[in-house]
Amino acid sequence: MAERDKVFAGSIPKCYDTLMVPLIFDTYAIDTAALVAATSPRSILETAAGSGAVTRALAPKLGPDTRYVVTDLNQPMLDYAADRQPADARIEWQQADALALPFDDASFDVVFCQFGAMFFPDRAAGYTEARRMLRPGGRFIFSVWDRIEANAFADEVTEAVGALFPHDPPRFLARTPHGYYDVTRIREDLSRAGFVHIEIETHEKVSYAASARDAATAYCLGTPLRNEIEARDPGLLELATDRATAAIAQRHGDGPVAGKIQAHVIVAVE
């Protein structure tokens, strides 16, 4: 993964939360929150929390004495998430690297990470840290996107923007968010980290946007794809968004649009 793939700064956190989260993340956040809350955990660690989509869905489901620690490597994203969350004494916000967590062994009943593991430079190391955090019988819950071809808007945006830069196409979406989809590899990485009981389910859902322009803008301005476009030619960001808009509209129409999204949801226990 390129270092720039982890840069969620400037205007990206706000665009990410206002555009990307309702487009593809909220529907999975509801499921993740239900899965985490199902065992009534007393202590929870969230890693790679992003702009707080799951945090907002999960907090109302927790007991009054639950300890909920929310972390992210990227301080601007964590600040944005904290600003969006109502005041809540149960929640602790802390900048932290999921591969080197600053907490004692066996501190949490559940560790979870929605759509963050794809960004780990060493997934087995990240999973080993998650396992270190867990009390006996604790659960590590996380999700990753399936291959880009199973995610309509992301695939269409990647192809359209790539055609604008044929000699050096921006491949952020395919390389990172949709680059860690092989379930055999995921199982192997978890096994290397010491997990024995591993369940993986593939969940297909539908992504909705008010227009093709909204969907294209979400990807082109609300993710590090923007960094890749601007690194090649900052003057072409608007044209790239136009091309992505046209590609989505050609496939899904000019009005409200809907496209397939697909992800793997993993639950691992020692």
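Which feature does UniProt place at residues 45-142? The UniProt record, an unreviewed entry, gives "domain: Methyltransferase type" for this stretch; such annotations may be inferred rather than shown by experiment. The model is predicted, so local features need pLDDT of at least 70 and side-chain atom pairs count only at pLDDT 80 or more, while totals for chains, interfaces and linings use all residues. Residues are numbered from 1 along each chain as its sequence is written, and side-chain values use heavy atoms, without hydrogens and water.

**Annotated stretch**
- Residues 45-142 are 28% helix and 30% strand, where helices (H or I, at least four residues) and strands (E, at least two) are DSSP runs numbered from the N terminus.
- The end C-alpha atoms of residues 45-142 are 12 Å apart.

**Helices H8 and H10**
- The axes (lines fitted to C-alpha atoms over the stretch in contact) of H8 (residues 212-221) and H10 (residues 237-252) come within 8 Å and cross at roughly 135°.
- The contact (heavy atoms within 4.5 Å) includes Ala212 and Leu221 of H8, and Leu237 and Ile248 of H10.
- Its residues divide into 10 nonpolar, three polar and two charged.

**Aromatic pairs**
- The whole structure holds 12 aromatic pairs, meaning rings of Phe, Tyr and Trp (its six-membered ring) with centres within 6.5 Å.
- Tyr28 and Phe115 form an edge-to-face pair (planes over 60 degrees apart), because their ring centres are 5.5 Å apart and their planes stand at 85°.
- This pair links distant parts of the chain, 87 residues apart: Tyr28 lies in helix H1 (residues 12-37), and Phe115 in the loop between strand S4 (108-114) and helix H4 (123-133).

Terms used
Axes are lines fitted to C-alpha atoms, for helices over the stretch in contact, and angles run from 0 to 180 degrees between N-to-C directions. Ala, Val, Leu, Ile, Met, Phe, Trp, Tyr, Cys and Pro count as nonpolar, Asp, Glu, Lys and Arg as charged, and the others, Gly among them, as polar. Rings of Phe, Tyr and Trp (its six-membered ring) pair if their centres lie within 6.5 Å; planes under 30 degrees apart count as stacked, over 60 as edge-to-face and the rest as tilted.
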